Amino acid sequence: MSSFLPPADRIWWKVPVGRQEIVWIGIALIWCLIMFFMMPYWHVYGKQNLSTEAYQTNPEKYGAAVETFVEKYQTRIDEQSGMPIVTPPAGSDIYMLGRLWQWYPILELEKDKTYRLHLGSMDWNHGFSLQPVNINLQVVPGYEMVIKITPDQAGEFTVVCNEFCGIGHHTMLGKIHVKEN
Amino acid sequence: MAKFRVCPDSGFYFDKSAESLMKVNAVAGAVFLLIAGILALGVILTRWQEVHLLPADLFYQVLTAHGINALLFWVIFFEIAILYFASSTLLRSRLAAPGWAWAGFALMIIGAVMNNVAVLQGNSSVMMTSYVPMQAAPHFYLGLILFAVGALIGCFVFLGTLVIAKDDQTYQGSIPLVTFGALTACIIAIFTIASGAIILFPTFLWSIGYINHIDAEMYRIIWWAMGHSSQQINVAAHVSVWYLIIGILFNARPMSEKVSRFAFLLYIFFLQLASAHHILVDPGVSAEWKIFNTSYAMYLAVLASMIHGLTVPGAMEVAQRGKGYTKGLFEWLRKAPWGNPVFSGFFFALVIFGFIGGITGVVMGTEQINLIIHNTIYVPAHFHATVAVGTTLTFMALTYLLIPVLFRRALFLPWVAKMQPYVFAGGMTIMILFLLGAGTLGVSRRHWDMDFTGAALSFEYPGTAYMMMAVGGIGGVLGVLGGAMYLVVTVGSLLFGKKLEPSAGLLQSFGVPLAASAYNIDQPEQLQMAPKLAVEEHGSGGFEAPGTFVLALALLVCFVVYYAINWDYLASVWPMG
């Protein structure tokens, strides 16, 4: 009953702690430290880390950069959506923007090549959710994030918006095609 | 002069004004739980794709209101009642400044109603998080601000009561562990509310046009210092309630006052860093900042929860063994009062909070693993294990204790109360496990249509994802049924429950007079320190609670295995850096 009464010992902080608790605290602390050091370990030895490269921007500036990119590398138009399909050279800077309610443009990439993917929003927060790979990134207006990605599977991949962005949120899809080289 | 009554069943002394305030806050909490529960049904039946009940606009509106009513209004009203109980009742002290406490309550009600009206009017379907630059109506933010100010007043009434109790020497020695835990919750609440003020006040000014720009990333970082920390208030509060419940049901005493209090102290130092959990895949935040903060320094707050995870059931086991339930590892648990909803509710909350909520929380809060989880439906699955089961079911269990003690009524339909924790915990566990699965398959949270009807492009989730959302939906409906059972019992008890003597119903809170003899104690006698027990050795080799130790090791094994599985999953996605 002393859980809701004043402690039985006035100097409770000098009462020795039982062995069971000491052993458990020791085990738990070791596990906590392992989990902590796993994160820096993965930065050194793991392949999936989020870059911290980002720039402040604005919709005009970012939109213009994306348009330049599309004009330069557009190869054709997607029949289903009328959206440009852009085929940038391997290793280049590639752009995608989120706006109500599309991911623009469609990217066509080569397998096992590394690209610098720029992500930005023209209006509200959006969520870049690459399916079915399941990579999820937050796209915040006013910021341009740059991530190095290396698609290691060929096929058609979809970008689902997974941050609520209004009534048409569920129609906001994008595509990334990855070709065998 | 304050007047107290003594509860003949529990021996608790209730200061009249504190009692009234506890009642109205608890009842207000239950009303907002009712609203949240009805809205939950709308959310579940829409996300269950085969049912897909609501149209898109209504779905987002309902989802916004569900989140705010459940995560803020229900739990915080109930927590204010707990703060008054842990200070005034447990310390046998008059409540500090009851007038201020009533003013705080009024502000919280006005704020909560104002915010709900804003959402109901339809221009504020911005989700609980209201990320800028998506804008809600000004009274959406103003309602939240008023609610927060009211809650802040409640925190200071609690602190004031601690000061009065100390000055009046209403107790010997140090404050009880439960009060210490409530103090932890209060300190975290003050930090939380301060963060909320820092971001919501400018956002309110922006919504009425006095400020023209709020940085979207800054909003997210500061908002989450409120949003996540407010859930840490819940953790500190419900762990305190666990200690209270094992104390009342089993006469349990903490295995070590020092260890349990130290664990609460770790909460104060480190829990707030969890704001970072929501920023792990945001642009421009350094890896060092993310690693330090997402791990609460070095998982020291996780360490604290793992300590409570041992000491709460451990204290219960020691008490049960002392009563002679010493056979094998688990007789103490088998012979526990499983038919008493106070016990079953508490124990399910403990297990689901630890095994599901705790483990998934740490896994998804790992800097890199968050890449495969952020904003998927895995996230709501996690926090339904922590808040909707951990906190909510704990508060439900406590309610079954408070109805006779605080409201002086016998339970209405006790057989419903007996089943309620099983239905609620069972349904919620099904929902949580299957939504965790769907999230792992990439299904989004806050998303009206996983068929993407009307989109220019198309995408199909695997059939398994649909199956998981459907089974999760069934679990969710069961959970809502469990919530409804809770409300039937509580509302029924207040209206129709047999009156116990001395009796002061809810109406007395609003000044309806009652028999003068009920409150005839000017000042209760001083609260004595817990009696010292002769040292009894149970278990062996200093392991007083061997069954609990085995359970704790089982938790650790699940933790390690699941953590490793997720790193393995992460290693399979596209390399990036």
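Colleague: How are helix 5 and helix 6 of chain B oriented to each other, roughly parallel or roughly antiparallel?

Modeller: Two packed helices are described by the angle between their axes and by the distance between those axes. In this predicted model, the axes of helix 5 and helix 6 of chain B come within 8 Å and cross at roughly 165 degrees. The two helices are therefore roughly antiparallel, as angles over 145 degrees are counted in that class. Helix 5 of chain B passes helix 6 of chain B in a left-handed crossing.

Colleague: Which classes of residue make up the contact of helix 5 of chain B with helix 6 of chain B?

Modeller: That contact divides into 20 nonpolar and 9 polar residues, with no charged residue.

Colleague: At what angle do helix 2 and helix 4 of chain B cross?

Modeller: The axes of helix 2 of chain B and helix 4 (residues 138-167) of chain B cross at roughly 10 degrees and come within 9 Å. That angle makes helix 2 of chain B roughly parallel to helix 4 of chain B. On the helix 2 side, the residues that meet helix 4 of chain B include B:Ile76, B:Leu83 and B:Leu91; on the helix 4 side, B:Ala151, B:Phe158 and B:Leu162 are among them. By class, this contact has 9 nonpolar and 4 polar residues and no charged ones.

Colleague: Let us turn to the sheets. In what order do the strands of the 7-stranded open sheet of chain A stand?

Modeller: Strands of a sheet pair through backbone hydrogen bonds, either parallel or antiparallel. Here the order is 2-3-6-12-11-8-9, and the pairing is mixed. Strand 2 (74-77) and strand 9 (135-139) of chain A are the edge strands, each pairing on one side only. Neighbouring strands of this sheet are turned by 25 degrees against each other on average, direction ignored. Within the sheet, strand 11 (residues 155-161) and strand 12 (residues 173-179) of chain A run antiparallel and are joined by 6 bridges. A:Val159 stands opposite A:Gly174 in strand 12 of chain A. Helix 2 (residues 59-73) of chain A packs on this sheet, where it touches strand 2 and strand 3 (84-86) of chain A.

Colleague: How many residues of chain B are in contact with chain A?

Modeller: There are 93 residues of chain B in contact with 76 residues of chain A. Helix 9 (296-322) of chain B gives the most to the chain B side, with 9 residues. That side has 59 nonpolar, 21 polar and 13 charged residues.

Colleague: What confidence does the predictor give the complex?

Modeller: The complex has an ipTM of 0.96 and a pTM of 0.96. For chain B the mean pLDDT is 93, and 96% of its residues reach 70 or more.

Technical notes: Residues are numbered from 1 along each chain as its sequence is written. Chains are lettered from A and ligands numbered from 1 in the order in which they are written. This is a predicted model: local features need pLDDT of at least 70, side-chain atom pairs count only at pLDDT 80 or more; totals for chains, interfaces and linings use all residues. Two residues are in contact if their C-beta atoms, placed from the backbone, lie within 7 Å. Helices (H or I, at least four residues) and strands (E, at least two) are DSSP runs, numbered from the N terminus. Ala, Val, Leu, Ile, Met, Phe, Trp, Tyr, Cys and Pro count as nonpolar, Asp, Glu, Lys and Arg as charged, and the others, Gly among them, as polar. Axes are lines fitted to C-alpha atoms, for helices over the stretch in contact, and angles run from 0 to 180 degrees between N-to-C directions. Angles under 35 degrees count as roughly parallel, over 145 as roughly antiparallel, 65 to 115 as roughly perpendicular and the rest as oblique. Two strands pair if DSSP finds at least two bridges between them. pLDDT is the predictor's confidence in each residue, from 0 to 100. A crossing is left-handed if the near helix is turned anticlockwise from the far one by less than a right angle, and right-handed if clockwise.
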